[in-house]
Each structure stands twice: as structure tokens, then as C-alpha cells.
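Good morning, and thank you for joining this group meeting. Please look at the sequence and the model as I speak.

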Amino acid sequence: MLIETFLQYIRHEKSYSSHTVFSYQNDLNQFQDFILCKGEKFDPEIIDSSLIRQWVVELLKKKYSPRSVNRKLSSLKSFFKYLQKLEIIKDNPLKKVSGPKANKSLPNFVRNKDMDFILDEFDYSEDFEGLRDKTILEMFYLTGMRCAELVGLKDMNVDFGTNTIKVTGKRNKQRIIPFAEELKKSILNYIDMRDQQVEIRENNSFFVRKNGKSLSNSVVYWIVKKKLLEIPGLSQRSPHVLRHTFATSMLNNGADLNAVKELLGHASLSSTEVYTHTTFEELKKVYHQAHPRA
């Protein structure tokens, strides 16, 4: 009952996305099942740090990655923080629990020459779907928006007078992203063909299927993955890789870190700083290639 109340709280009062709420629900139910399987009662008032550490050990034995375990602990911490707010518990047992150390992996990104190939040389079909798919790839690469943000776009979010797009990100936070003339031409071409071939659009969605139905996250994911399969050596092929590519390209070309943070819609600078590691790897590569004594 307490878990369900908490989920209602983050869904309606904190405006968390349905995807985030679902993740919290899975994590908390998994923790509750762990306690019940031990023959104990799920009572937050008697749950202590020792019991939570036992759960962490079990998760690691089941081959959960440190990153996954830390995410589950974060869900648990938010839950107990909520119970503190309701004065159901006095102390948060997560204060005395440290998660496993995770190896920091650099974000996957597409190199400039490969993006040039995908956008300029790849043979897209000349029909509605071909033009739509290419515009989607350009939109991700030239704006850095998230997949859910692109799926949620409406015509009214695109302002051709100022060349800006208004997107709604995590926790319903809105931000404005500028776009270049190159993307403007692609968008206008797409809209022209879309309006000729699609009579009624579901939810007034910007990107749609030929039958007017809105695109889902999974469909957009497949569109991007299918195109990125043309690039050998990528360990991941998804819309988020193009978001990483946008950020990396911006920083490699001298963009201010805070500016990139705002464009990406990150809540904190630390989320954006991960891309500086990528750009440093690029700098090292240039150094070793260019310096005669390197």
C-alpha cells in the first residue's frame, strides 16, 4: 500500500514520466519480494541498513551491474525519503548504505565523417517515409533532443520565424533549442510532403506514419538503428547515440559546457561533463597524430 501511495505521489505531484514510475515500481516490488522471501514482514519502520546491504549482495550475485544496483538503491532512497516526509519513519536507512562502484564508460558517439555519410550520401527512398526518416536523423543530430521529446513534438512547437523548437523534457520541463537553416529546409520539405499525403494526424503529431498514426519510441528507435547499422564498429545504435554525438560535436568545436548543458536539458553540469572525457580522448588522438615527438 505504501509503495502504491509513493508511486501516485511521484506520478501526480512530482510529474515523473510513466517510464520512470514503472522503473521505480519494479525496483520497489523487487525489494519487497526479497524481504518477503526471507520470511519477514515488509515494514519500513523496522527495515535497516543491514537488510538493504543483504539485498545489494544478492543483486550482485545475480549478475546485476553496479549501475543497475545503484539505480535500484536510488529508487529505494527516494521511497524512504518520502516516508520520512510523511513521518512514518524517522531516519532513512539508505544513509548508511554505499552502492557498488561502477566503471565509468564513455558515451558512444558517431564520428563526423560517418554522420556526413548517413545524412549526405546514404540512399534514402524518395517517398514519404524516406524523407521522414532522414529528417528524424537530422533532428536528433542537429538538436540533441531525446527520443521521447521528438515523439512528443507538435507543429506548434516548431517556430520558423526564430528557427527554434520547444521540447518538453523530463519532469515536463520545457526548453528552447535553436536549429540551423539546413535543418529548416529539411523540416519544410518533410512538412510539405506530409501534408500532401497524410490527411488526418493523430494528436496533431509532427512525425507520423503514412496512416497518420503517431510514432512510438520503439518505431523511432528502429528507424535510427536501421540507418546506423550502415556504420561499422558502433557498439550501440540508438537515438541516444545521436544525442551523444550532438554534444560531443558541439564541445569538440569549442562550445561552452554550460551552453551544451542548457541545450541538452540536463539538470546538473555533472551530467554534461561526461562528454568532456570524450573530447579529451579526441584531443589525445589529434596530439599523437600531429606532434612529431608524440
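I begin with cysteine 37, which is exposed at a relative accessible area of 71%. Cysteine 147, in contrast, counts as buried at 17% relative accessibility. Here buried means under 20% relative accessible area, exposed over 50%, and partly exposed in between, with a 1.4 Å probe and protein chains only.

This is a predicted model: local features need pLDDT of at least 70, side-chain atom pairs count only at pLDDT 80 or more, and totals for chains, interfaces and linings use all residues. Residues are numbered from 1 along each chain as its sequence is written, and side-chain values use heavy atoms, leaving out hydrogens and water.

How many disulfides are there? The count is 0, where a disulfide is a pair of cysteine sulfur atoms within 2.5 Å.

Let us turn to the sheet. It is open and has 3 strands in the order S1-S2-S3, with antiparallel pairing. Strand S1 (158–159) and strand S3 (174–178) stand at the edges with a single partner strand each, so one side of each has no neighbour in the sheet. Strand S2, residues 164–168, pairs with S3 over 5 bridges, and valine 167 stands opposite arginine 175 in S3. Two strands pair if DSSP finds at least two bridges between them. Helices (H or I, at least four residues) and strands (E, at least two) are DSSP runs, numbered from the N terminus.

Next, the interior. A nonpolar core is a set of buried Ala, Val, Leu, Ile, Met, Phe, Trp, Tyr and Cys residues joined through side-chain atoms within 4.5 Å. The largest such core has 47 residues, and Met139 and Phe206 are among those with the most contacts inside it. Helix H6 (128–143) is one of the elements that supply at least two residues of this core; its share, 6 residues, is the largest. A second, separate core of 29 residues includes Ile10, Phe42, Leu51 and Tyr82.

Of the 14 residues of H10, 11 are buried, among them Pro239, Arg243 and Leu251. Just after H10, glycine 254 takes a positive phi of about 95°. In helix H11 we find lysine 261. Is lysine 261 buried or exposed? Lysine 261 is buried, with a relative accessible area of 14%. Setting aside neighbours within four places in sequence, its contacts (heavy atoms within 4.5 Å) are His266, Ala267, Ser268, Leu269 and Thr272.
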